[in-house]
Amino acid sequence: MDWNDVTPHLSGLAHIATTGPDGPAVAVVAPMVEGDVVWVQTRRSSHKARNLVVDPQIAMMWQSGSETYLWGTVEVVDDVPTKERLWSLWPYEAAGFFGSPERPDVVLLRVDPTRATVMAAGPDGPSRLLWHA
């Protein structure tokens, strides 16, 4: 399976799981795919961002058609030019949730995927399609 076979399944809302000093946490986010990177907007003060500073490993799950799982490594990005470049590309009105990209508490999570599983329906029942970086 190729990364381009995975990306059509990465639309809509996703659940993300992180681990930090207080244990695991799950949150709902609206990610965006740009090439081979998955982006998530959040606040630096959010539980997920604080966890990812401690442990940059993430697991994500979409259920917008096929059940799709993705694992990767996260970098917390706070530079204004990157936030400005991506701001208008989100599938929702970013300003309504986060204000402007210049706000210091607004950060992006750059997810570099390492593997994914797509549960696909087929004539013989469900199958697992696997992708690895």
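This is a predicted model: local features need pLDDT of at least 70, side-chain atom pairs count only at pLDDT 80 or more; totals for chains, interfaces and linings use all residues.

A: Helices (H or I, at least four residues) and strands (E, at least two) are DSSP runs, numbered from the N terminus. On that basis, the protein chain runs α-β-β-β-β-α-β-β-α-α-β-β from the N terminus on. The radius of gyration, taken over C-alpha atoms, is 15 Å. Residues are numbered from 1 along each chain as its sequence is written, and side-chain values use heavy atoms, with hydrogens and water left out.

The part to look at is helix H3, residues 80–87. Four of its residues are buried (under 20% relative accessible area, 1.4 Å probe, protein chains only; exposed is over 50%, partly exposed in between). They are Thr 82, Lys 83, Leu 86 and Trp 87. These four cover an arc of only 135° around the axis, taken from the directions from the helix axis to the C-beta atoms, which puts them on the same side of H3. An α-helix has 3.6 residues a turn, so residues three or four places apart point the same way.

What does this buried set of H3 pack against? Its partners are strands E3 (32–34), E4 (37–43), E6 (67–77) and E7 (106–120), plus helix H4 (94–98). Contact here means heavy atoms within 4.5 Å.

Follow one of those partners, E6. Thr 68 lies in this strand. Its relative accessibility is 0%, so Thr 68 counts as buried. Not counting residues up to four places away in sequence, Thr 68 touches His 9, Leu 10, Met 60, Met 61, Trp 62, Thr 117 and Val 118.

Back to the whole chain. Residues 24 or more positions apart account for 62% of the contacts with a separation of 6 or more. Buried residues make up 40% of the 133 residues. The chain exposes about 7,000 Å² (Shrake-Rupley method, 1.4 Å probe). Carbon and sulfur atoms supply 54% of that area. The C-alpha atoms fill a box of roughly 50 × 35 × 25 Å along the principal axes.

Conventions. The radius of gyration is taken over C-alpha atoms; the globule rule is 2.2 Å times the number of residues to the power 0.38.
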